[in-house]
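Here are a few exercises to work through with the model open beside you. Try each task before reading its solution.

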Amino acid sequence: MARSPKSPSRSTTSARSRTTARPKASASAESPSRAKAPTRPKTAATPGRVPAASKQTAKSKKITKSKSGAAATSRAPARAVAKKAAVAARPAARRPVAKAAAPIELFYWSTPNGWKITIMLEECRLPYVVRPVNIGAGEQFKPEFLAIAPNNRIPAIVDPDGPGRKPISVFESGAILQYLGRKTGKLYPADERGRVEVEQWLMWQMGGLGPMAGQAHHFRIYAPEQVPYAIKRYTDECNRLYGVMNRRLADREFLAGKYSIADIACVGWASRNERQGQDIADFPHVKRWLDTMLARPAVARGMAVAAEAAATVDMKDPAIQALLFGQRAR
Ligand SMILES: N[C@@H](CCC(=O)N[C@@H](CS)C(=O)NCC(=O)O)C(=O)O
């Protein structure tokens with residue numbers, strides 16, 4: 001589906017700041033441990049599009065390779081300089097205007113599933129605009145949101161510059177991470193072995209850590225009645241999953257070896273380990289990984305997006321609980 005619905009919520013949060021103003025320091029997506037100056041995402045990463053700049057570079061390189069004389073290699077830069085000077089000499093109104101990439105629309109609420117996407121967008125330096133979907137006010141049931149997210153759950157995105165340079169919408173956080181990874185070529189390896197490593201841990205989060213931690217939060221914190229069996233069941237299952245993660249991280253820095261979308265999928269849920277009844281000191285490798293993750297500027301920025309709005313929703317309010325916890329087929 002390629003429709004871009006109007007925002008379910010009236011307010012758009014930090015659209016301008018998300019697409020323009022950016023904090024200065026950031027670690028790059030490819031090199032997790034080194035902080036780099038921020039770079040705008042390269043449009044070359046967009047499928048089907050070769051930006052003018054890279055076409056020119058490729059052409060210049062071809063000339064250099066196909067002709068061996070020094071004169072031949074130096075003519076191309078000279079021509080480029082002359083062309084640049086001619087363009088600069090034109091009146092501003094006649095200069096070609098660089099087309100900025102249209103921002104991705106992110107249908108979002110500040111939760112561990114929503115953070116996966118803000119973190120990925122921040123890591124990839126992709127321009128985006130936040131469309132808040134207040135799940136405490138029932139905005140996830142608005143027809144315009146359901147048109148792109150039929151499961152009435154955030155997050156979802158609309159990318160105006162999708163495959164074939166046409167808009168595309170994507171729901172389910174794992175599918176969105178994979179889409180953005182393929183689109184940018186970042187944090188999701190293209191080779192089959194690397195991809196399988198990432199996908200195993202991404203699916204482990206989607207089918208294991210996320211749902212089990214969600215149930216632990218529900219029965220430990222939100223459920224209107226205490227159900228000891230359910231509390232024990234989901235606290236134990238989380239404990240087992242943290243054990244799996246701890247063993248995995250004992251001999252590698254990140255879940256799939258290198259930093260990837262699998263780590264991004266897990267960090268929000270793992271950051272809430274106390275709410276799941278876990279003592280992180282029991283899982284020293286998870287703790288080391290979590291500290292590394294939370295120290296990444298893009299992770300901190302992603303988890304901070306529209307946090308104030310979500311904090312105003314009282315999850316213990318019976319009306320909100322009825323809306324969120326009493327859902328049946330519609
Ligand atoms: N499997 C989905 C789960 C998304 C999900 O559970 N989103 C919650 C917020 S964390 C939501 O939108 N809840 C709204 C509701 O329960 O109606 C994904 O990973 O995208």
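**Exercise 1: helix 8 and its cover**

What covers the buried residues of helix 8 includes helix 7 and helix 10 (284-294). Contact here means C-beta atoms, placed from the backbone, within 7 Å. Helices (H or I, at least four residues) and strands (E, at least two) are DSSP runs, numbered from the N terminus. This is a predicted model, in which local features need pLDDT of at least 70 and side-chain atom pairs count only at pLDDT 80 or more, while totals for chains, interfaces and linings use all residues. Residues are numbered from 1 along each chain as its sequence is written.

Task: find which residues of helix 8 are buried, and where they lie around the axis of the helix.

Solution, step by step:

1. Next, apply the burial test: a residue is buried if 20 or more other C-beta atoms lie within 10 Å of its own, exposed if 12 or fewer, and partly exposed in between. Tyr 234, Cys 238, Leu 241, Tyr 242 and Met 245 of helix 8 are buried.
2. Now look down the axis. The buried residues of helix 8 fall within an arc of 105°, so they line one face (the arc is that of the directions from the helix axis to the C-beta atoms).
3. An α-helix has 3.6 residues a turn, so residues three or four places apart point the same way.
4. Turn to the face away from the buried side: Pro 228, Tyr 229, Lys 232, Arg 240 and Arg 247 are exposed there.

**Exercise 2: Ile 231**

Task: decide how Ile 231 is classed, and which residues Ile 231 touches.

Solution, step by step:

1. Ile 231 sits in helix 8.
2. Ile 231 counts as partly exposed because it has 17 C-beta neighbours inside 10 Å.
3. Leaving out residues up to four places away in sequence, Ile 231 touches Phe 219 and Arg 220.
4. His 217 is 14 residues from Ile 231 along the chain, and their C-alpha atoms are separated by 9.0 Å.

**Exercise 3: strand 5 in its sheet**

Task: trace the pairing of strand 5 on its two sides.

Solution, step by step:

1. The open sheet has 4 strands in the order 4-3-5-6, with mixed pairing (two strands pair if DSSP finds at least two bridges between them). Its edge strands, each pairing on one side only, are strand 4 (128-132) and strand 6 (168-171).
2. Strand 3 (residues 104-108) pairs with strand 5 (residues 156-159) in the antiparallel sense over 3 bridges. Within this pair, Glu 105 has Val 158 as its bridge partner, and Leu 106 has Ile 157.
3. Strand 6 also runs antiparallel to strand 5, joined by 4 bridges; Val 158 has Ser 169 as its partner there.
4. In a regular strand the side chains alternate between the two faces of the sheet. From strand 5, Ala 156 and Val 158 point one way, Ile 157 and Asp 159 the other, and all are buried.

**Exercise 4: the core**

Task: find which residues touch the most other members of the largest nonpolar core.

Solution, step by step:

1. A nonpolar core is a set of buried Ala, Val, Leu, Ile, Met, Phe, Trp, Tyr and Cys residues joined through C-beta atoms within 7 Å.
2. The largest core has 67 residues, and Leu 106, Phe 107, Tyr 108, Met 120, Ile 157, Ile 261 and Ala 262 touch the most other members. Helix 7 (residues 192-222) gives the largest share, 9 residues.
3. Pick out Met 120: not counting residues up to four places away in sequence, Met 120 touches Leu 177, Leu 180, Ile 261 and Ile 264.

Key: Contact = placed C-beta atoms within 7 Å.
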